[in-house]
Each structure stands twice: as C-alpha cells, then as structure tokens.
Amino acid sequence: MYSKFGRIGYARKVFDDIPERNEASWNTMMSSYVRVGLNSDSVRFFCEMVGCGVRPSGFVIASLVTACDKAGSMFCEGLQVHGFVVKSGLLCDVFVGTSVLHFYGTYGVVLNARKIFEEMPEKNVVTWTSLIVGYSSGGDLGEVMSIYKHMRREGVCCNDNTLAIVFSTCGALGDELLGEQVLGDVVKLGLQSSVSVANSLISMYGSFGNVGEACYVFIHMDERDTISWNSIISANVQNGLCKESLRFFHRMRHVNKEVNSITVSTLLGVCGSTDNLKWGSGIHGLAVKLGMESNVCVGNTLLSMYSEAGRSEDAELVFERMTEKDIISWNSMLACYVQNEESQNSLKHFAEMLRMRKPINYVTLTSALSACSNLEFLVEGEILHAIAVIAGLNDNLIVGNALVTMYGKLSKTREAAKVLQTMHKRDQVTWNSLIGGYAENKEPDEVITAFKLMRKEGTPANYITIINVLGAFLIPSDLLAHGMPIHALIVSTGFESEKYVQSSLITMYAKCGDLNSSNSIFSGLTVKNSIAWNAIIAANANHVLEEALKLVLMMGRAGVDFDQFSLSVALSVSADLAMLVEGQQLHGLVVKLGFDTDHYITNAAMDMYGKCGEMEDVLKILPSPTIRSRLSWNILISSFAKHGCFEKARESFHEMVGLGVKPDHVTFISLLSACSHGGLVDDGLAYYNAMITEFGVQPAIEHCVCIIDLLGRSGRLSDAENFIKDMPVPPNDLVWRSLLAACKTHRNLELGRKAADHLLELDPADDSAYVLFSNVCASTGRWEEVENVRSQMGARSIIKKPACSWVKLKSEVSKFGMGEKSHPKTEQIYAKLGELMKMIREAGYVPDTSYSLQDTDEEQKEQNLWNHSERIALAFGLISTPEGSPVKIFKNLRVCGDCHSVYKHASAVVGRKIILRDPYRFHHFTDGKCSCSDYW
C-alpha cells in the first residue's frame with residue numbers, strides 16, 4: 001500500500017519490522033523500489049537479499065533487470081545481474097530471459113540480445129516483441145521485419161505492441177506494399193477494430209505521405225482515444241501540414257480530449273521552420289500554461305524545434321531549464337550543435353555526457369561523429385571510434401556508417417575502407433559513404449573499385465550511389481576511362497530519368513572539359529526543373545561566364561523559380577566578370593524573393609560587391625559579428641586586402657579570433673595576401689608561423705606563394721629562394737612565377753634565370769615565363785638576351801597574352817588593347833589623352849621610361865608608355881561619364897609603375913576618384929594618392 005502512494009520509507013519500515021519474511025515479502029519490497037524509480041536502491045536491496053541467504057525468484061530477478069533497464073545508466077550492474085542469472089540457472093525462466101533480452105536492447109547491444117533470445121528454451125509474444133524493439137531502437141529496420149516474418153512463421157500471435165512497432169517500421173522503410181501485407185495479417189487476426197492498431201495504421205499512412213488514408217482510418221474509428229488524436233495530428237505534421245495539424249488540435253480540444261505532452265510535442269515538430277516558428281512559440285507558451293514545461297518529452301521537442309530553426313541559443317536556454325533530462329534531451333542538444341556547425345560545442349557537450357556518466361547510444365555517437373568532419377577534429381574522431389568499440393556500438397550499422405562517412409570527410413579513405421570491411425552488415429548507405437569519401441578525395445580509380453565490389457556483393461545502387469560515382473570524374477582522361485562507361489550503365493539501368501542523376505551528368509561532362517555534351521544533355525531533357533537549370537548554369541560558370549548569366553535569364557523566362565543555388569552562382573559569375581549593374585539587379589531580386597537572410601546568398605553578394613569595387617556595399621550587408629560565419633569573415637578580410645585596407649584586414653582577423661571563430665586555410669591566404677600587398681613583411685611571417693603552431697592549419701601551396709610574394713616584393717630575394725628550398729610542399733608554377741616577377745621588380749637577372757628555367761621545366765609553352773624573363777633582361781639592359789628570348793618564343797609559336805583594359809558603362813563594355821584605335825570615339829579619346837598628358841606634366845608628372853621595355857630612344861619609350869591600354873581606357877572613361885563621378889577601369893594584367901603614376905596625377909588634376917582593378921587587387925586613386933601607398 002505505502003509503495004503505491006510513493007511512501008517507500010514507510011514501506012521499508014514495515015518490511016524491516018516483519019519478524020519472519022517470506023518470498024512474497026522480499027518480492028513486494030523489490031517491486032516497490034522499482035515502481036518508485038529507486039533503481040540503485042533496488043540493486044542494494046538485492047545484494048542484501050542474497051546476503052541473507054534468500055534465493056531470489058524469477059520475479060525478483062526480472063524486477064531487478066527492469067530497474068537496470070529503466071535507469072539508463074546501470075549497464076555494468078545489469079551485466080552483473082546477467083552473470084548471476086546464468087550462474088543460478090534462471091535464464092530458462094521466460095520472464096527473466098525476456099527482461100535480460102530487453103535490457104540489452106535498451107542499451108543498444110543488440111547482438112547480446114539476439115544471443116539471449118536464441119538461447120531461451122521458451123519464448124512468448126513479449127520475448128519476440130522485446131527483440132523487435134531492440135532492433136527497432138538500434139535502427140536496423142530490415143531485421144525488425146525479418147523477425148516479424150519469422151514470428152509469424154512460428155505461429156506466434158502478435159499483440160498490439162508488436163503490430164504498432166511493425167507498422168511504424170513499414171512507415172520508416174517507406175514500404176507501402178509491406179504495410180498492406182501486415183494490414184492483411186491484422187485482418188486475419190481480427191485486430192482491425194483495436195484502437196491501438198488503428199492508431200498505428202494512422203501513423204504508418206502518415207509516414208507514407210498518404211494523409212488521405214490516415215484521415216479515412218481516423219474518421220471511421222468507432223472509438224478514439226488521445227493517442228488517436230495525437231496520431232492524426234502527427235500524420236499531418238510529418239507531411240509539413242502545419243495548419244491542418246493545428247485544426248485537428250483545435251477539434252481535439254473542442255471535444256474535450258485530454259491534451260498531453262505527446263500532443264504538444266507532436267505539434268512542436270512542425271514549427272521548426274522560420275515561417276512556422278511563431279506557432280511554435282505560441283505552443284511553447286501553452287505548454288508553460290498547462291504546466292508541461294518540465295515534461296522531458298516536451299522539453300526534447302522544444303530542443304528539436306529551436307535546433308531546426310537555427311536558434312541554438314534558445315535551445316540551450318530550454319536545455320538548461322529542464323529539471324529532468326533523459327538520453328534524448330542530451331542527444332537533441334548534441335544534434336543541435338552539430339546542425340548549427342558548432343563542432344567545438346558538440347564535442348564539449350559529448351565530453352560532459354561522459355563526465356556525468358550519462359548513458360550514450362548509437363544516436364549519441366552518430367551525432368558526435370558528424371561533428372568531426374573537419375581535419376582539425378581527426379584526433380577527436382579517432383577517440384570516438386575507440387569509445388564506440390568500448391561501448392560495444394561499433395557493430396551498430398548506423399554507427400558503422402557514420403564512421404565510414406567521418407573518415408572519408410577527414411581524407412582518411414583507407415581507414416574508411418577498413419571500417420567497412422570489419423562491419424558485420426553493410427547496406428546502401430555504407431557503400432555510398434565509402435564511394436562518396438573516395439569521390440571527395442579525388443580518387444576515381446578507388447571509386448570504380450568500390451562500386452564494382454558493391455555490385456558484386458549484391459547491394460543495389462540508388463541515385464545517391466550514381467551521383468557519388470559521377471562526382472569523382474574531373475579530367476578528360478576520367479571521362480574516357482570511366483565517365484562514359486558509367487553513363488552507358490546509367491542508361492541501361494534506367495537511372496537516366498532520375499533528376500539528380502541528370503544534373504550530375506551535366507556537371508560531370510563540364511568538369512571533364514566537355515561542355516558541349518553538358519549542353520546537349522540539358523537540351524534533350526523533356527522536363528527542365530530547377531536542379532537541371534542550376535547544373536547547366538554552374539557548368540557554364542566554370543567555362544563561359546557570360547553564357548551562365550544568359551542562362552539565368554532564360555531560367556527566369558521559363559518560369560522556373562530561382563533558389564539559393566541559382567542566385568548564389570549568378571552572383572558569383574557577376575563577381576568574376578566584375579559586372580556591378582547585373583550584380584545589383586540580382587541582389588535586388590534576392591531581396592524581393594526573400595532570400596536576403598540566407599547566409600550563402602549574403603556571402604555571394606558580399607563577394608560580388610567586393611570584386612566589383614564597392615567596399616561600402618560589402619559593409620552594408622555584412623552580418624553582425626556575433627552571427628557572422630567563418631565564410632563571411634573570410635570574404636571581409638579578402639575584400640579589405642584587395643582594396644588596400646591592410647590594417648582593417650588585420651583588425652578583422654583579430655576580431656574574428658577574439659569572437660571564437662577559428663580561422664581556416666582560406667582566412668590565412670587572404671591575411672597573408674594583405675600583408676604581402678601592404679609591405680607588412682614581419683607581420684606576414686608571424687601570421688604564417690601562428691597559422692601552423694597556434695591554429696593547426698597546415699601550409700598549402702597558396703600560403704607558400706603568399707610568403708614568396710611577401711619576401712620578393714620587399715626585395716628579400718635570397719630569403720624567398722631559401723623558403724622555396726624548405727617548403728613543406730613541392731613548388732609549382734605559381735611559386736616560380738611569383739619569384740620571377742620579384743626578380744623583374746628588383747632587377748636580379750641570375751635568380752630570374754633560375755626561376756624561368758624552373759617554370760619552363762614545368763611547362764615549356766608557358767608564355768609568362770618568356771615574357772617575365774624578357775622583362776627582367778630588359779630592366780637590366782640586356783637587350784641581346786631580350787631578343788634571344790623573343791626569338792625562342794617565335795620559333796616555338798608561343799604568343800604573349802596581350803594586355804587589355806576595359807570600361808563598362810551600363811550594359812556596354814568598351815575594350816582597349818595596346819595603342820587601340822578601332823573604337824568609334826578614337827578621335828575624342830586621343831584628344832582627351834593629349835589634354836591629360838599636358839595637365840599632369842604641369843602638375844609635376846615625370847615619365848619613368850624604365851617601364852618601356854624596348855631598346856629605343858627616350859622619346860619613343862615615352863610614346864610607347866602612352867599607348868598602354870589602361871591610359872586609353874582612362875581617357876575613354878573620363879569623356880564617357882559625368883563630371884565628378886568615379887571612373888572604374890579593369891585590366892587583365894598587372895598595372896605598370898608609370899601608368900600607376902599617371903593615374904595618381906590624373907585623380908588630382910581632374911578632381912575625380914579613379915578605381916583600377918587588375919587581376920590581383922583594386923587601386924583607389926583620390927587627390928593624387930593611391931590606396932596601395934605605392935606598394936603593390
């Protein structure tokens with residue numbers, strides 16, 4: 001009696017006062033401890049019982065195992081009880097055996113549960129159902145159905161609990177035919193009128209997306225309970241029907257059905273999107289009003305809702321306020337961090353779970369492993385792998401798949417393959433994870449090998465398999481060796497009609513250099529959806545930028561809705577072409593369509609404004625520091641560096657680090673580039689060392705090029721040469737080209753010759769090697785060598801890339817080459833050029849003819865300088881734009897020193913801001929000064 005009212009202290013006193021205790025006394029006391037949740041006390045009571053020489057009955061053992069089961073953190077104690085059961089020969093008791101089986105299933109050790117099941121001489125429906133529950137909880141849905149079929153063959157009659165799990169499994173598998181077959185079994189068993197079976201049917205149809213059938217079952221129920229209402233609300237929620245689920249909720253309250261924590265939790269499940277979060281906040285308020293905020297189930301769904309909405313701070317607040325937390329609570333908070341890409345917080349949270357001895361299961365480990373997708377978390381990932389082995393979860397299929405995925409993302413494909421080979425069971429996801437890992441790491445031969453093994457093993461490929469395989473082919477030789485044969489396989493197996501495979505084929509051919517085939521595949525599609533349009537736009541963006549923008553317009557005219565991907569690509573193309581007007585129009589469309597809060601599009605727009613010379617617009621749309629992603633910080637630092645704002649680039653880097661955002665290799669490329677262009681040699685070298693020692697970013701070739709450029713620009717050529725010798729990566733053409741350019745600036749012929757030789761070893765047809773070395777010779781007065789280099793170019797049919805500059809006015813681009821005279825306004829251009837020459841001479845301009853690299857007299861050298869394309873473009877810009885407005889000019893090669901001087905003087909004499917963009921950076925000329933401070 002006392003235990004039923006939760007008065008366990010009084011119950012124990014009565015027990016202690018009994019002079020002679022029989023088996024019933026001990027059994028009752030044990031069940032009392034278990035009933036009130038004093039699981040640790042129940043274990044101590046059991047030890048006391050054994051110590052008194054009382055032989056425990058099957059009932060006591062079953063109760064004790066249930067206590068270890070319910071506690072969720074008493075796995076070791078449960079193992080000891082299992083040992084006692086084996087020693088005392090009680091495993092043959094069906095109730096004891098079933099409780100031990102259920103215990104292992106609860107803790108995710110399904111192989112042990114299966115072993116117990118097979119050893120049991122007698123099994124009842126609860127035994128079978130417990131095994132089914134174990135596999136269901138472990139995510140092995142295929143095995144759930146296998147056990148159910150075996151159970152039916154053995155003639156065991158299912159109960160309501162069995163069928164509920166089986167229907168749920170059919171829904172999770174998405175196998176409607178299988179669900180209908182189970183429904184046939186229900187009819188045979190005469191259970192179709194059961195309320196609980198009908199509730200399970202509603203849930204299953206909801207999982208299939210067949211809300212109409214779910215509503216039909218609900219409407220024709222003779223009797224409905226709260227679970228029935230919860231099931232129909234859930235069916236609508238699963239299919240994203242927020243308003244319909246709220247209508248059923250309103251009707252439920254109208255007929256005075258009890259609203260419980262499941263109802264509230266279910267409704268919260270559809271409110272995680274930005275559009276529905278207002279409803280979620282309202283239901284959160286209702287939960288508080290109904291006194292359900294402390295309910296662990298409600299708390300868990302609130303965590304999931306705020307997580308889905310990207311509101312990790314709100315989720316943290318809910319988590320901290322929860323008075324009771326179960327494994328789902330901890331897992332939900334962990335998943336929230338992972339979903340919001342907060343890997344550090346995810347791993348700290350996992351470590352806290354271990355420190356507090358909280359139970360972990362396959363869901364916990366899967367989320368924690370997902371947080372280790374970056375190379376900086378390799379060690380943590382390996383530790384998690386070890387924990388999975390120790391906890392006996394490495395045999396879990398989902399954990400195994402997560403391990404394969406993690407190692408693939410960490411570029412440890414050998415380890416990924418080893419995990420796959422040791423897995424007792426593999427499925428599509430396992431093979432897809434391995435193939436995807438090989439593809440991400442550009443290992444096409446391994447992709448083909450794995451794909452063949454997958455087919456040999458009898459695992460059917462799906463569209464994800466095909467997409468992963470196609471994603472591995474990147475060069476023309478891949479196309480011939482693998483791409484085309486796989487395309488033939490796709491046609492023969494019927495995957496050609498799958499929309500994602502179609503887009504992957506378009507992408508694969510373009511990446512392998514066959515844009516014509518990409519365009520042909522796209523043209524041949526009968527249905528061109530947004531996925532196909534995005535693929536063909538991206539394909540052209542990598543080859544013909546102007547064509548990509550035309551395709552964006554065609555996509556709009558075809559009535560296909562733009563999405564984040566198409567708009568991001570279009571903005572990136574505008575950035576690469578420096579087409580500000582088109583970029584502004586696209587940004588306006590972004591705002592109109594409501595995508596301005598999407599951080600990918602915001603970053604693309606920032607990049608576009610930065611590359612189009614509009615630094616003020618970059619800062620206008622820059623997210624606030626507390627919500628700024630690493631990519632946004634990288635774009636900001638890069639934009640400051642390109643625009644000559646070197647101190648601001650450094651300040652942004654330190655602010656980023658101060659806010660806890662860890663810089664990556666891209667961050668350091670931008671930072672080192674800023675130091676190089678700003679002449680901050682010591683700072684640049686310090687950042688390079690900090691990158692390795694403090695931030696754990698390993699030097700890539702891009703970082704090394706920045707250091708060589710940094711040292712070379714400052715005249716420290718011997719240091720640059722020594723750095724190349726000690727580089728952690730082999731030098732490539734960018735390294736030697738950077739050194740050769742520095743040799744031209746500082747007139748070092750011998751080192752320039754070495755750099756040119758290395759360049760030509762890598763590519764004998766590299767025109768830049770000849771041109772740069774010719775310029776080194778010219779700058780040192782070695783005219784015979786200049787002629788010799790030019791003769792070699794002629795003999796080998798190597799043509800120098802011609803310099804050109806252009807000005808964009810509205811939608812028209814005017815392009816100018818050296819001494820250009822084909823423009824319709826040539827007469828006005830040269831008149832303005834003559835006027836400009838006179839004005840800047842009077843202002844103190846003196847030509848530096850060392851930049852005219854021809855062996856002629858001084859007068860001719862000066863005339864040659866005035867034929868440079870950037871001066872002609874400047875004259876055109878001045879006559880074609882309103883007085884006082886900025887003039888923006890673009891050049892395909894680095895601006896020469898004398899033209900830089902002309903631009904500075906011109907900005908002063910005409911009183912206008914002039915912006916010049918070359919391939920490396922922007923020069924902002926105002927009042928006779930340049931943003932680069934004459935160091936570029």
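**Questions on a predicted model**

Q: Is S518 buried or exposed?
A: In this predicted model, S518 has a relative accessible area of 0%. A residue counts as buried when that value is under 20%. The value for S518 is 0%, so the residue is buried.

Q: Which residues is S518 in contact with, leaving aside its neighbours within four places in sequence?
A: S518 is found in helix α31, which covers residues 515–523. Once the neighbours within four places in sequence are set aside, the contacts of S518 are I506, Y509, A510 and I536.

Q: How many helices and strands does the chain have, and what part of its residues is buried?
A: The chain has 51 helices and six strands. Of its 936 residues, the share that is buried is 51%.

Q: How many residues does the largest nonpolar core have, and which residues does L434 touch?
A: The largest nonpolar core has 263 residues, and L434 is among those with the most contacts inside it, together with L163, F167, L384 and L739. Not counting residues up to four places away in sequence, L434 touches V404, T413, A416, A417, L420 and A450.

Q: How many residues are in the second, separate core?
A: This second core is separate and includes F816, W866, V910 and I914. Its number of residues is 28.

Q: Which are the edge strands of the open sheet?
A: The open sheet has six strands in the order β2-β1-β3-β4-β5-β6, with mixed pairing. An edge strand pairs on one side only. The strands that do so are β2 (812–817) and β6 (929–930).

Q: In which sense do strands β4 and β5 pair, and what is the bridge partner of R917?
A: Strand β4 covers residues 914–917 and strand β5 covers residues 922–926. Their pairing runs over four bridges and is antiparallel. R917 has its bridge partner in β5, namely F922.

Q: At about what angle does helix α51 run to β5?
A: Helix α51 is made of residues 897–909 and lies across β3 (887–891), β4, β5 and β6. Its angle to β5 is about 35°.

Q: Why is the pair of Y463 and Y500 stacked?
A: A search of the whole structure finds 18 aromatic pairs. In the pair of Y463 and Y500, the ring centres are 5.5 Å apart. Planes under 30 degrees apart count as stacked. The pair is therefore stacked, because its planes are at 25°.

Q: Where do Y463 and Y500 lie, and how many residues apart are they?
A: Y463 is in helix α28 (residues 463–470) and Y500 is in helix α30 (residues 499–511). Y463 is partly exposed at 32% relative accessibility, and Y500 is partly exposed at 33%. The pair links distant parts of the chain, with a separation in residues of 37.

Q: What is the angle between the planes of Y845 and W866?
A: Y845 is buried at 3% relative accessibility, and W866 is buried with a relative accessible area of 3%. The two form an edge-to-face pair, 6.2 Å centre to centre, and the angle between the planes is 90°.

Q: Where does E341 lie, and is this residue buried or exposed?
A: Phi of E341 is near 60°, a positive value in a residue other than glycine. E341 lies in the loop between α20 (327–339) and α21 (343–355). Its relative accessible area is 63%, and the limit for exposed is over 50%, so E341 is exposed.

Technical notes. Residues are numbered from 1 along each chain as its sequence is written. This is a predicted model: local features need pLDDT of at least 70, side-chain atom pairs count only at pLDDT 80 or more; totals for chains, interfaces and linings use all residues. Side-chain values use heavy atoms; hydrogens and water are left out. A nonpolar core is a set of buried Ala, Val, Leu, Ile, Met, Phe, Trp, Tyr and Cys residues joined through side-chain atoms within 4.5 Å. Buried means under 20% relative accessible area, exposed over 50%, partly exposed in between (1.4 Å probe, protein chains only). Contact means heavy atoms within 4.5 Å. Helices (H or I, at least four residues) and strands (E, at least two) are DSSP runs, numbered from the N terminus. Two strands pair if DSSP finds at least two bridges between them. Axes are lines fitted to C-alpha atoms, for helices over the stretch in contact, and angles run from 0 to 180 degrees between N-to-C directions. Rings of Phe, Tyr and Trp (its six-membered ring) pair if their centres lie within 6.5 Å; planes under 30 degrees apart count as stacked, over 60 as edge-to-face and the rest as tilted.
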